[in-house]
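Please read them alongside the sequence and coordinates.

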Amino acid sequence: MTSPLSFGFNFNNSYLTLPKDFYTQQTINKFRAPQNIIFNQELAQTLELNISELEQEGFIIANGNKLPQNAQPISQAYCGHQFSHFVKLGDGRAVLLGEHVTSNTSRFDIHLKGSGPTVYARGGDGLAAMGPMLREYLISEALHGLGIPTTRSLGVMSTGDPVFRETALPGAMLIRVAQSHIRVGTFEYAATLEKSLLQNFSDYVIKRHFPALINEEVRYEKLLQAVIHNQARLIAQWMCVGFIHGVMNTDNMSIPGESIDFGPCAFMNRYHPATVFSSIDRHGRYAYQNQPIIGQWNLTRFAETILPLLSDDIEVAKEKTLEHLGSFKQIYTQQWLQIMRHKIGFLTASDDDLGLIEDLLSMMETHQADFTLTFRHLNEPDLLDPGMTSSEAFHQWALKRNQRIPEHQQQQSQQLMEKSNPFVIPRNHLVEESLEQATQGNINPFYDLVEAIKNPFSQPKDSYYLKPSSKEFEQTFKTFCGT
Ligand code: AMP
Ligand code: MG
């Protein structure tokens, strides 16, 4: 049954033009008493949605009996390498309601997470608890505020039904907005099918996400290049704000290059390259410093899926992919270096920059300096870690760095640093505290935190949002997948 309301969604579901192997039509649970918990008005406006309908009645989307007009819910099939092991997956607790097309023809997946079990649930309950859904809302909006490509969150609705994990928790559903939910894992799934289906799917992806490549003679090779480029840039951006995704399995790597799937992710406070927060990442596979390496590993899995499309001669196909995969490190380093130059106020490039940035990071590691605030306050040494600034090494470093910024560039350099270094990240202790309160029925600290992370480059009125998590907190802090 559909609702008389459209909520302004202009659905045009191109995924349904793919062969049926790629998805399954799906129903949505009928929940007892859905209610809006948080609604992203600004995003709704960007998407040209009906704000008053969503605000007043949006929660009925969580009621499987009343879908918005023209919604055609499906769950998508995919596979993935999870902690390096290949698994057949698919949307186990999510559905794609449809693809919303705006007046400028931009296309967005409107996705419900926590909407009940699907054919891909593998014994899971298909549900989500409120804490992890609010967490995804917060972190995805934080990345967006930081200017980093990411799926976004239109809202979270409580379902009125409990979800049973170690204890009974309030259930919730997230409305996720993405360029698409096509993952490296979707290609891994396509590669298990006949070659004609893999080709059909790859052409669909090119048309949808990389239309400039449609008429290229070597379009699959160009697709590989484009995906490598987008991932190298994305991971460089993560590294430069201290973001740790936490579960970079291939099913959690998006082909259009958005950050996706915010389970055990967190931002690092004190700088340490081996930082890992995820409770299930016992060997640190997805530690902060490993993210570029894992990015390349995942892209290698992607390249393997399209080998049959690159050449009829498998050896030729392999050679081509190796060449492109080999460029990942260089593209990543260039992107990282460019952002880091801006973070320390350099308007131009010099061969010495890499060494200079590495020296700063090494001092930050020694003194366990806060990643975010060290960059933000680099021109105000009084606000930096006194142990670090009083050292001879830092003194020498600052002399060298200051020599790279001539007097006539100083104002511009300062402006560049202000645009490149956030004041606010979602600090781990604040995230945990706000989610705990929300789960107990007090949502206000969460609303306040969402407001604080929206404009991370402006100094917050309340210094409460600036303070790093304590060392003791970070040493024991663990994140969970939220399943
Ligand atoms: P994730 O760790 O969120 O990337 O999820 C990995 C896989 O597990 C995906 O196929 C999810 O759809 C599935 N999954 C996670 N939680 C549940 C759940 N509660 N019920 C069914 N499937 C789930
Ligand atoms: Mg996932």
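**Notes on the predicted model**

1. Ser-84 is partly exposed, because its relative accessibility is 31%; buried here means under 20% relative accessible area, exposed over 50%, and partly exposed in between, with a 1.4 Å probe and protein chains only. The residue is not a glycine, yet Ser-84 has a positive phi of about 80°. Ser-84 sits in the loop between β4 and β5 (85-88); helices (H or I, at least four residues) and strands (E, at least two) are DSSP runs numbered from the N terminus.

2. On conventions: this is a predicted model, in which local features need pLDDT of at least 70 and side-chain atom pairs count only at pLDDT 80 or more, while totals for chains, interfaces and linings use all residues. Residues are numbered from 1 along each chain as its sequence is written, chains are lettered from A and ligands numbered from 1 in the order in which they are written, and side-chain values use heavy atoms, with hydrogens and water left out.

3. Thr-105 also has a positive phi, near 65°, and is a residue other than glycine. Its place is the loop between β6 (94-101) and β7 (107-113). Thr-105 is exposed, because its relative accessible area is 62%.

4. The protein chain is divided into domain 1 (14-181) and domain 2 (185-335); these bounds come from an automatic or database domain assignment. The centres of the two domains, taken over C-alpha atoms, are separated by 23 Å. Across the boundary, 38 residues of domain 1 are in contact with 40 residues of domain 2, where contact means heavy atoms within 4.5 Å.

5. The largest has 91 residues, and Tyr-15 and Trp-336 have the most contacts inside it. Helix α6 (residues 219-241) gives the most to this core, with 14 residues. Both domain 1 (14-181) and domain 2 (185-335) give residues to this core, so it lies between them. A second, separate core of 28 residues includes Phe-7, Phe-31, Ala-44 and Met-173.

6. Leaving aside neighbours within four places in sequence, the contacts of Tyr-15 include Phe-22, Tyr-23, Gln-76, Ile-182 and Phe-201. Gln-76 belongs to strand β3 (residues 74-76) and is buried, because its relative accessibility is 2%.

7. Gln-26 is in the loop between β1 (23-25) and β2 (35-39). Gln-26 counts as buried because its relative accessible area is 13%. The side chains of Gln-26 and Ser-75 make a polar contact of 2.6 Å. A polar contact is a pair of N or O atoms within 3.5 Å; within protein, one must be able to donate a hydrogen and the other to accept it, and residues adjacent in sequence count only if both atoms are side-chain atoms.

8. His-81 lies in strand β4 (residues 79-82) and is buried, because its relative accessibility is 14%. Its side chain forms a polar contact of 2.5 Å with that of Glu-188. Not counting residues up to four places away in sequence, His-81 also touches Asn-249, Asp-251 and Trp-297, among others.

9. Which residues coordinate the magnesium ion (ligand 2)? They are Asn-252 (OD1) and Asp-261 (OD), at 2.1 to 2.2 Å. Donors are N, O and S atoms within 2.8 Å of the metal (3.2 Å for Na, K and Ca), and water is not among the atoms, so sites may look incomplete. Asn-252 is buried, because its relative accessibility is 10%, and Asp-261 is buried at 17%.

10. Ligand 1 is surrounded by 18 residues, and the closest are Gly-90, Gly-92, Arg-122, Asp-125 and Gly-126; a residue is near a molecule if one of its heavy atoms lies within 4 Å of it. A polar backbone atom of Gly-90 is 2.6 Å from an oxygen atom of ligand 1. A polar side-chain atom of Arg-93 is 3.3 Å from a nitrogen atom of ligand 1. Asn-252 has a polar side-chain atom 3.1 Å from an oxygen atom of ligand 1.

Methods. A nonpolar core is a set of buried Ala, Val, Leu, Ile, Met, Phe, Trp, Tyr and Cys residues joined through side-chain atoms within 4.5 Å.
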